[in-house]
Amino acid sequence: MENRIRLVGPPTLIPSGAESWGVEVTDDMAAGLKDADVVMMLRLQKERMDGAFIPSSREYFHRFGLDAAKLENAKPDAIVMHPGPMNRGVEIDGTIADDINRSVIQEQVEMGVAVRMAAMKLLVDRMRAERAETQGVIA
């Protein structure tokens, strides 16, 4: 099974050296989405919008925001993901985010909370065990 990851975005937001990560890098959404099985959008941070990284949020959406026209480049059954919180109309169109046939964003966000809670529990348990060990207490 071959897996390919494409990193798509404006050059000002792509980390230098990203090509060395074993991913395909492009600033062309059509090429980046071509025949994709999964489309994972990420949140554009407010500080990136206010700086010189992008001309405007409107321009960003025009070039890189996921809308129906751009999603047509992906496979017809491709799923759409976004870890949240999302800026509707900036990185993703609201109709795509809410599409019950393609979007798994709600489930992704819900599961993300559970995963973070489990990770925190593991960290706390480990910290308690280490503290008990150094203090000679049985946990």
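# Close-up views of a predicted model

**Figure 1. Salt bridges in the protein.** Eight is the count of salt bridges, written 8, a salt bridge being a side-chain nitrogen of Lys or Arg within 4 Å of a carboxyl oxygen of Asp or Glu. The structure is a predicted model, in which local features need pLDDT of at least 70 and side-chain atom pairs count only at pLDDT 80 or more, while totals for chains, interfaces and linings use all residues. Residues are numbered from 1 along each chain as its sequence is written, and side-chain values use heavy atoms, with hydrogens and water left out.

**Figure 2. Overall fold and dimensions.** The protein contains 6 helices and 4 strands; helices (H or I, at least four residues) and strands (E, at least two) are DSSP runs numbered from the N terminus. Read from the N terminus, the order of elements is β-β-α-β-α-α-α-β-α-α. The C-alpha trace spans about 60 × 35 × 35 Å along its principal axes. The radius of gyration of the protein is 19 Å, whereas a compact globule of 139 residues would have one near 14 Å; this radius is taken over C-alpha atoms, and the globule rule is 2.2 Å times the number of residues to the power 0.38. Of the 139 residues, 27% are buried, where buried means under 20% relative accessible area, exposed means over 50%, and partly exposed lies in between (1.4 Å probe, protein chains only). The accessible surface comes to about 9700 Å², and carbon and sulfur atoms account for 56% of it; accessible areas come from the Shrake-Rupley method with a 1.4 Å probe, and for residues only the protein chains shown count as cover. Among contacts (heavy atoms within 4.5 Å) between residues at least 6 apart in sequence, 64% join residues at least 24 apart.

**Figure 3. The largest nonpolar core.** This core has 19 residues, and V39, L66, L71, V80 and I92 touch the most other members. A nonpolar core is a set of buried Ala, Val, Leu, Ile, Met, Phe, Trp, Tyr and Cys residues joined through side-chain atoms within 4.5 Å. At least two residues of the core come from each of the helices α1 (29-33), α3 (57-64) and α5 (94-97). Leaving aside residues up to four places away in sequence, V39 touches L33, L66, L71, A74, I79, V80 and M81.

**Figure 4. A nonpolar patch on the surface.** V38, M40 and L42 together form a nonpolar surface patch with about 280 Å² of accessible area. Patches are made of residues with over 30% relative accessible area and no salt bridge, like charges being joined within 9 Å and nonpolar side chains (Val, Leu, Ile, Met, Phe, Trp, Tyr) within 5 Å. M40 belongs to strand β3 (residues 38-40). With a relative accessible area of 43%, M40 is partly exposed.

Figure 5. Side chains of opposite charge can pair when their charged atoms come close. E24 and R6 form a salt bridge whose closest N and O atoms are 3.4 Å apart. This pair links distant parts of the chain, with E24 in strand β2 (residues 24-26) and R6 in strand β1 (residues 6-8), 18 residues apart. E24 is partly exposed, at a relative accessible area of 34%, and R6 is partly exposed, at 24% relative accessibility. A network of salt bridges links R4, R6 and E24.

**Figure 6. The loop between β4 and α5.** R88 and D98 meet through their side chains in a salt bridge (2.9 Å, N to O). The two residues are 10 residues apart and link distant parts of the chain: R88 lies in the loop between β4 (79-81) and α5, and D98 lies in the loop between α5 and α6 (105-135). R88 is partly exposed, with 45% relative accessibility. P85 is also placed in the loop between β4 and α5. The peptide bond from G84 to P85 is cis, and its omega is near -10 degrees.

**Figure 7. D35 and its backbone.** D35 occurs in the loop between α1 and β3. Most residues other than glycine have a negative phi, and most peptide bonds are trans. D35, although not a glycine, has a positive phi of about 60 degrees. The side chains of D35 and K34 form a salt bridge (3.6 Å, N to O). D35 is partly exposed, with a relative accessible area of 43%, and K34 is partly exposed, at 46% relative accessibility.

**Figure 8. T134 in helix α6.** T134 is located in helix α6. At 66% relative accessibility, T134 is exposed. T134 and V124 are separated by 10 residues in sequence and by 15 Å in space, C-alpha to C-alpha.
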